[in-house]
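Hello,

Here is the structure I promised to pass on to you.

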Amino acid sequence: MRHLYVTSYIILAAVIQLLTGNFPVSFLAFPLNIIFAVTWLFLLWILYKEYKSSTFTRFLCAPETSVLSIGLFIGGCMVIGLFPQLSDAEAKMCEGIPAFLGCYNFMTSWIFIAILLLLLSNLAMITIRAYQHRKQSRWRFILNHTGLWLALFAGFFGSSDTQTLRIPIYKGEPTREAFDMNGSAHYLDYEIELDSFAVEYYPNGRPSRFAADVRLGNETTLLEVNHPYTYRLGEDVYLTGYDVAKGNESNYCILQVVKQPWKYVMVAGILMMLAGAVLLFINGTKRV
């Protein structure tokens with residue numbers, strides 16, 4: 001019956017995907033994602049405390065459900081790897097069954113969200129059960145599973161607060177106007193201006209390094225390719241391009257501003273998993 005329940009659940013998600021298209025992730029921007037998480041975890045806690053013996057609770061706590069949800073999650077990650085992941089506008093232009101199932105923007109498809117909710121609900125329930133009943137190895141179990149829950153939740157539900165903007169900057173021309181991946185204009189709350197630009201070359205004429213002195217608000221910094229500058233907490237600035245034809249004479253370059261406020265929640269989750277792994281290494285495996 002467990003496989004039937006999960007199959008019906010995924011089919012329902014696929015039907016919603018076919019009828020409505022991808023889930024509007026921006027709907028869950030802060031503070032709605034926080035409210036959703038707190039409400040969701042509270043309901044799971046009540047479910048475990050008050051309806052521990054119910055079929056649904058036993059289903060969410062079962063090791064078999066963990067295997068199923070992890071298997072589905074791996075399958076979802078394979079879809080993401082096998083199909084090119086496009087912007088919303090590009091994905092809408094694709095045709096065929098994979099396009100209707102959201103395969104070209106799978107992380108925001110109802111199918112992937114359904115898989116992730118199942119996995120996160122299972123993780124939350126077995127963590128609650130461990131807190132209530134485990135004596136030995138309780139904290140390393142909780143660290144591992146809570147850390148994984150935080151990393152997955154922040155990685156997906158935090159994406160609604162993530163913003164990736166590109167901004168062309170010119171010498172002597174401060175600007176605030178940036179553009180998202182769909183070409184929509186956004187205005188930063190600080191000015192960016194290019195002061196100077198330089199390119200170094202290999203003997204064969206290919207660029208080996210390029211860097212720009214840039215003013216960000218009241219700060220001046222040297223930006224190099226693949227070396228982001230953290231302007232504010234959760235906001236990184238990258239140097240991504242320049243006028244290749246002019247080289248050192250380029251009077252502009254292109255920056256990418258990535259605002260990712262949930263990045264440190266994800267890092268905290270990863271550190272918790274590492275702490276759990278260290279405890280496992282120190283104490284060895286123990287049965288409950």
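Below is what I found in it, topic by topic. Please keep in mind that this is a predicted model.

Let me start with the cysteines. The structure has zero disulfides. The closest cysteine sulfur to that of Cys94 belongs to Cys103, and at 10 Å it is too far away for a bond, since a disulfide needs the two sulfur atoms within 2.5 Å. Cys94 is partly exposed, with 25% relative accessibility, whereas Cys103 counts as buried at 9%.

Next come the salt bridges, of which there are seven by the rule used. One of them joins the side chains of Glu200 and Arg209, with 3.2 Å from N to O. Both ends are partly exposed: Glu200 has a relative accessible area of 42%, and Arg209 has 26% relative accessibility.

Another salt bridge brings together Arg232 and Glu235, at 3.0 Å from N to O. Here Arg232 is partly exposed at 33% relative accessibility, while Glu235 is buried at 5%.

A further one pairs Asp236 with Lys263, whose closest N and O atoms are 2.8 Å apart. This pair links distant parts of the chain, as Asp236 sits in strand β7 (residues 235-242) and Lys263 in helix α9, 27 residues apart. Asp236 counts as buried, with 8% relative accessibility. Salt bridges with shared partners also tie Asp189, Arg232 and Glu235 into one network.

Helix α9 spans residues 263-283 and also holds Tyr264. Tyr264 is partly exposed at 37% relative accessibility. Together with Leu233, Val267, Ile270, Leu271 and Leu274, Tyr264 makes a nonpolar surface patch of about 590 Å².

Strands β4 (residues 207-216) and β5 (residues 219-224) run antiparallel and are joined by six bridges. In this pairing, Arg215 has Thr220 in β5 as its bridge partner. Two residues lie between the strands, and Gly217 in the turn has a positive phi of about 60 degrees.

Finally, which residues does Asn122 contact, leaving aside its neighbours within four places in sequence? They are Leu60, Cys61, Ala62, Thr65, Ser66 and Ser69. Asn122 belongs to helix α7 (residues 110-133) and is buried, with 2% relative accessibility.

I hope this helps you find your way around.

Best wishes

Conventions:
Residues numbered from 1 in each chain as written. Predicted model: local features only at pLDDT ≥ 70, side-chain atom pairs only at ≥ 80, totals over all residues. Heavy atoms only, no water. Buried < 20%, exposed > 50% of the residue type's maximum accessible area, 1.4 Å probe, protein only. Patch = residues over 30% accessible without salt bridge, like charges linked within 9 Å, V, L, I, M, F, W, Y side chains within 5 Å. Areas by Shrake-Rupley, 256 points an atom, 1.4 Å probe, with all protein chains shown as cover. Salt bridge = Lys/Arg side-chain N within 4 Å of Asp/Glu carboxyl O. Helix = DSSP H or I, 4+ residues; strand = E, 2+ residues; numbered from the N terminus. Pairing = 2+ DSSP bridges. Contact = heavy atoms within 4.5 Å.
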